[in-house]
Amino acid sequence: DQTIYILAIESSCDDTSAAVLCNNRTLSNVVASQKIHEEYGGVVPELASRAHQQNIVPVVHQALTKANIDKKQLSAIAFTRGPGLMGSLLVGTSFAKSLALGLKIPLIEVNHMQAHILAHFIEEENSSQPSFPFLALTISGGHTQIVLVKDFFDMEILGETLDDAVGEAFDKSAKILGLPYPGGPLIDKHAQLGNPKAFPFPKPKVDELNFSFSGLKTSILYFIQKEVKKNPNFIEQNLNDVCASIQYTIINILMDKLKLAVKQTGIKEIAIGGGVSANSGIRKTLLEAEKKLSWKTYVPKFEYCTDNAAMIGIVGYLKYKNNDFANQDINAQARYKI
Ligand code: KG4
Ligand code: ZN
């Protein structure tokens, strides 16, 4: 069997990442996160694209050095074509195209949302991989989807958010509480010390397998405003309980829909992916579902949850084996269906 070395590049949002894979194993996975957005309380697209331009060369260089690979050994270059921020995607796309052209090796385009799902097929010590068909819950700052995964490149969206993504629900709730961006990991941290049933928040009523999170955000805002009026120190005195309650509500919303998807499809093989799958409460709840609901659940390693290039690399490897290459005239695509 041939040994395939893939250099993968991810630049869809605010993380510049490069990875080298040898077949389905990660040799290096370098991520440069952009601090610049913290002070703005969210990602500023223009600043993101400028930071990608500064980061991309050193990040790729580091990935090759860590993998101990010379670029002449590379079999192909994989890059995120979309979905994402246009200015950010353009940096990775043009870099990948020029490098592939210079090295005279094939170019492989990757759908970021497929990559969050296929990250489960990166070979790791003691990791098991989902078998087809399975259900994937992809939860990130930009997306919330339940996907029926029939094969590597045969996926069907069964439900998705009608408004905010789960990550946004976390980040916007955190903002209401005065926590810095991105607030998801901070809510998680405080939630671990609080009572999840302290403050009940209403769950939205949404048909079928779709989600809605904008109503939850509004009810949290009104609740906090009301309490702070009565007691100006309400947030600092109750931060852990408020965070635990918000997280508990979000997890319940996700679990209700997953249960419905299992009921509708009869599939009990569940994989999660995307930045929010780093959440400790979600990870714990899913692992418990193995016993409680007799599901088989797959939770990625932390470094494969939030945006990273190794997940782009595994898709690159799978497409390489299928001879599925892109042409030099390919463009980035901000909206890109799974
Ligand atoms: O997949 P990702 O890195 O980027 C996108 O493609 O959006 O996801 C980022 C999102 C952010 O909203 C961030 O707050 C959230 O993932 N996130 C978390 C946690 N870690 C990251 N949300 C809740 N708990 C966490 N531990
Ligand atoms: Zn992502």
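1. The centres of domain 1 and domain 2, taken over C-alpha atoms, are separated by 27 Å, in a model that is predicted, with local features needing pLDDT of at least 70, side-chain atom pairs counting only at pLDDT 80 or more, and totals for chains, interfaces and linings using all residues. Residues are numbered from 1 along each chain as its sequence is written, while chains are lettered from A and ligands numbered from 1 in the order in which they are written.

2. Domain 1 comprises 5–119 + 305–321 and domain 2 comprises 130–300, the bounds coming from an automatic or database domain assignment. Where the two meet, 15 residues of domain 1 are in contact with 19 residues of domain 2, contact being counted when C-beta atoms, placed from the backbone, lie within 7 Å. On the side of domain 1 that touches domain 2, helix α3 (residues 112–118) gives the most, with five residues; helices here are DSSP runs (H or I, at least four residues), as are strands (E, at least two), numbered from the N terminus. That side of domain 1 has seven nonpolar, six polar and two charged residues, where Ala, Val, Leu, Ile, Met, Phe, Trp, Tyr, Cys and Pro count as nonpolar, Asp, Glu, Lys and Arg as charged, and the others, Gly among them, as polar.

3. Ligand 1 is surrounded by 18 residues, of which the closest are G141, G167, G184, G275 and N279; a residue is taken as near if its C-beta atom, placed from the backbone, lies within 6 Å. The elements giving two or more residues to this shell are α4 (166–176) and α5 (184–191), and each of the two domains supplies at least three residues to the shell. By class, the shell has six nonpolar, nine polar and three charged residues.

4. An open sheet of five strands runs in the order β8-β7-β6-β9-β10 with mixed pairing, two strands being paired if DSSP finds at least two bridges between them. Because β8 (154–160) and β10 (296–298) stand at the edges with a single partner strand each, one side of each is left without a neighbour in the sheet. Strand β9 (residues 269–273) pairs with β10 in the parallel sense over three bridges, and E269 has K296 in β10 as its bridge partner.

5. H112 lies in helix α3.
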